Amino acid sequence: MASRLAAYVPRFIVLAIIGLLATATFTFAAEKQISSTPVAKPAPAPPPVLVVPDVQRQAYVFAKGILQDAGFAWKVDGPVRGYAANTVAVQQPLPGTRVVDTGAPLVVLRLVANSRYDQHGLPEDASPYRGTEIRLVDATVVTPKKPVVVPKKPVVKLKKPAVKKKAAPNPRPPAFVVAGARKEPLDEIPLTERARRLRAWLGRHPKPTTANIRYWLYQNSWVVTGARFGWWHGAEALRVLIAANARAQQVWGIGLKSKARAEAALAFVQKRSR
């Protein structure tokens, strides 16, 4: 009996070794197959798209703000220079054009002179930052299917007497009306608040860097132009602006020209408001 068991022991050992080797082979093959399976790369995200805003028939000083808020750069083309009160006649690309956001897509403007205002100071013919190329978004045109028209029975409706709705009162009534001038945008802060914020901003920016001067002149142009258009509390805003420009002269060494323009605008506004 003992001799018979001794004869079977080597066979069991051999079978166990063969089983272990087979298991290891299968495990290695499975790991190799898993590791060699390619990992799918995520699809690249589509580039962001911008829509060109409509700035035609806008005063240039307002058109600049609209384009900047929408993520665009701009430059003036043609004989009429970039003075604040001039009006945008033509823009390229046209309003509503969908373009790829390349950083600051460049919109080209052609202006017409506003004969009611003097062309004074230095014109600003381009945005303070460099414009980037225009890339149009390829739009796929889908032809809609013609709907099946089912004739309906005529329905007789009784006419109700028309009720005239009362127009909501303007929260910022103008001091006077200028023909063809843009109405005050109610989604913008009032001129008085803009002038006060500009004066406070000066206290936080003691150095007359190029960017600071551009911002200062832009805000000055907005207040002066809006006041000349008869916007709400324009005279009060101009008084704050005159004081702010006097302070800029003390802090930066510049501001006399802007102060003189604000004073001239105040005299104009006071004369028209009588």
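Good morning. Setting aside its neighbours within four places in sequence, Trp-222 is in contact with Val-61, Phe-62, Glu-188, Leu-191, Arg-194 and Trp-231. Please bear in mind that this is a predicted model.

Trp-222 leads us to the nonpolar core. The largest such core has 35 residues, and those that touch the most other members are Val-61, Phe-62, Trp-216, Trp-222, Phe-229, Leu-238 and Leu-241. Which elements give two or more residues to this core? They are α2, residues 60-69, α3, residues 191-204, α5, residues 234-251, and also α4 and α6. The largest share is that of α5, with eight residues. There is also a second, separate core of 15 residues, and Trp-74, Val-76, Val-88 and Val-99 are among them.

Let me now turn to a pair of helices, α4 and α6. Helix α4 spans residues 210-228 and helix α6 spans residues 256-273. Their axes lie 9 Å apart, and the helices pack at an angle of about 10°. Angles under 35 degrees count as roughly parallel, and α4 and α6 are therefore roughly parallel to each other. As for handedness, the crossing in which α4 passes α6 is left-handed.

Which residues make the contact? From α4 come Leu-217, Asn-220, Val-224, Ala-227 and Arg-228. From α6 come Ser-258, Arg-261, Ala-262, Ala-264, Ala-265, Phe-268 and Val-269. Sorted by class, the contact of α4 with α6 comprises eight nonpolar residues, two polar and two charged.

Notes: Residues are numbered from 1 along each chain as its sequence is written. This is a predicted model: local features need pLDDT of at least 70, side-chain atom pairs count only at pLDDT 80 or more; totals for chains, interfaces and linings use all residues. Side-chain values use heavy atoms; hydrogens and water are left out. Axes are lines fitted to C-alpha atoms, for helices over the stretch in contact, and angles run from 0 to 180 degrees between N-to-C directions. Helices (H or I, at least four residues) and strands (E, at least two) are DSSP runs, numbered from the N terminus. Angles under 35 degrees count as roughly parallel, over 145 as roughly antiparallel, 65 to 115 as roughly perpendicular and the rest as oblique. A crossing is left-handed if the near helix is turned anticlockwise from the far one by less than a right angle, and right-handed if clockwise. Contact means heavy atoms within 4.5 Å. Ala, Val, Leu, Ile, Met, Phe, Trp, Tyr, Cys and Pro count as nonpolar, Asp, Glu, Lys and Arg as charged, and the others, Gly among them, as polar. A nonpolar core is a set of buried Ala, Val, Leu, Ile, Met, Phe, Trp, Tyr and Cys residues joined through side-chain atoms within 4.5 Å. Buried means under 20% relative accessible area, exposed over 50%, partly exposed in between (1.4 Å probe, protein chains only).
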